[in-house]
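Here are a few exercises to work through with the model open. Try each task before you read its solution.

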Amino acid sequence: MSHRRSGNLIALDLLRFGCALLVLAFHWGNGFAYSPPPGGRALLEGMPVDAGWSPFVNSGWIGVELFFVVSGFVIAWSAEASGAASFAGRRLLRLVPSAWICATITAAAMIAFNTLPAGVVVAQWSGSILFWPMFGIDPSYWTLALEVNFYLLIALSLIGGSTLERIERVGVLLGLASAAYWGASLYVEVPSATQRIAQLTLLPHGCFFALGMLIRTRQRLGWRSFRLVYFIPICVAGVMEIDAHRIVINGDRLAYAPPLLLFTLCLLPILFAERLQPQLERHISPSVSTMAGLITYPLYLLHQELGAILIGGFLHLGAGYWPAAAVALVVMLTLSWAIVRAGEPPLRAMLKSFGRSRFVRTNVGEATL
């Protein structure tokens, strides 16, 4: 049985970063050629967007599903022995600063390059700042509403206690509800107009959050339990979601096996993260892996619209597609690092100070975030 430990797990930080690169590679090597983001489309149209690497990167969208599994694992870890208010406060401070900064950078770039009408950009920026679940400044923001709803579910479940058993029950219920959704999908098709509403209920993707949660709780409580049977419908639901996503994204151009194989392979760092920690610490500085994990979030939020604008701008200057993409990647990694090091801390401190003052004045919840 594993034990709770302080500090970040290197394997998880590296996996997060790898997932972000998978999603980025999919959009830059496939999506920009076939379905560029709304804002960057103006700069990419008519340009030599190279999709030659598409066969090698068109499973990269699986990084999103892996993000949800990692989120479930990490949340089950952090929610243990945590109060509802403190948990919600920590999640708020983790999500908000980068989301606000990245939305503002993307909006500024879109206005500067006149990729969309300013009124549209301002509306999208406002939606991102307010975490409006129906749209955002970058298509990648669609996952933030799901994360927020998942955090709300966990925070509500922590009211009255935060034992591992309670956390696991929430994971089981979420996973089984997701399995029921995918089972019902065999007989009833969700209308396209209501698919976003379905996503916000967590039913389509709840199997991934639940899988991460159950991996963590079983590591703590032991693998010899009848509760392991719950993994079966949850994993089946995950397989069904991956296949449905494959069809939506790639149609018949991608075989069933590659994304599922990639997903399964990337589960290994989650399953063995603690066991790998001593070996990884001998070769990788924890500070390096922590920074890789931290820059994942802004990189993910920026990579579509801002990435398309950067690459499109370089193409208009006469650069080839992949040299332009290489320079854009360096720019975005540097920008993500700067956001983590210089942008997030003061904004997080301001939000934390505001939260403390609110709690003190109202005497509601815990004293600190």
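**Exercise 1.** Find out how F87 and Y151 are arranged as an aromatic pair.

*Solution.* This is a predicted model, and it holds 14 aromatic pairs. Start with the ring centres of F87 and Y151, which lie 6.5 Å apart. Next, check the planes: they're at 85°, and over 60 counts as edge-to-face, so that's what this pair is. Now see where the partners sit: F87 is in helix α5 and Y151 in helix α7, 64 residues apart. Both F87 and Y151 are buried. Finally, look around them: F87 and Y151 belong to one aromatic cluster with F68, W142, F150 and F209.

**Exercise 2.** Decide whether W223 and F231 are buried or partly exposed.

*Solution.* F231 comes out at 14%, which is under 20%, so F231 is buried.

**Exercise 3.** Work out what lines the second largest pocket, and which helix gives the largest share.

*Solution.* First, the space: about 950 Å³. Then count the lining, 32 residues, with R16, V74, R91, R94 and Y151 nearest the centre. Sort the lining by type and you get 16 nonpolar, eight polar and eight charged. The largest share, nine residues, comes from α4. Now take a look at α4 itself: 18 of its 18 residues are buried. Last, go back to two residues by the pocket centre, R91 and Y151: the charged end of R91 sits over the ring of Y151, 5.5 Å from the ring's centre.

Conventions. Residues numbered from 1 in each chain as written. Predicted model: local features only at pLDDT ≥ 70, side-chain atom pairs only at ≥ 80, totals over all residues. Heavy atoms only, no water. Buried < 20%, exposed > 50% of the residue type's maximum accessible area, 1.4 Å probe, protein only. Helix = DSSP H or I, 4+ residues; strand = E, 2+ residues; numbered from the N terminus. 1 Å grid on protein atoms, 1.4 Å probe; cavity = no way out; pocket = protein on both sides within 12 Å on 5 of 7 lines; lining within 4 Å. Points joined across faces, edges and corners; volume = space filled by probe spheres on them. Nonpolar A, V, L, I, M, F, W, Y, C, P; charged D, E, K, R; others polar. Phe/Tyr/Trp six-rings, centres within 6.5 Å; stacked < 30°, edge-to-face > 60°. Lys NZ or Arg CZ within 6 Å of the ring centre and 35° of its normal.
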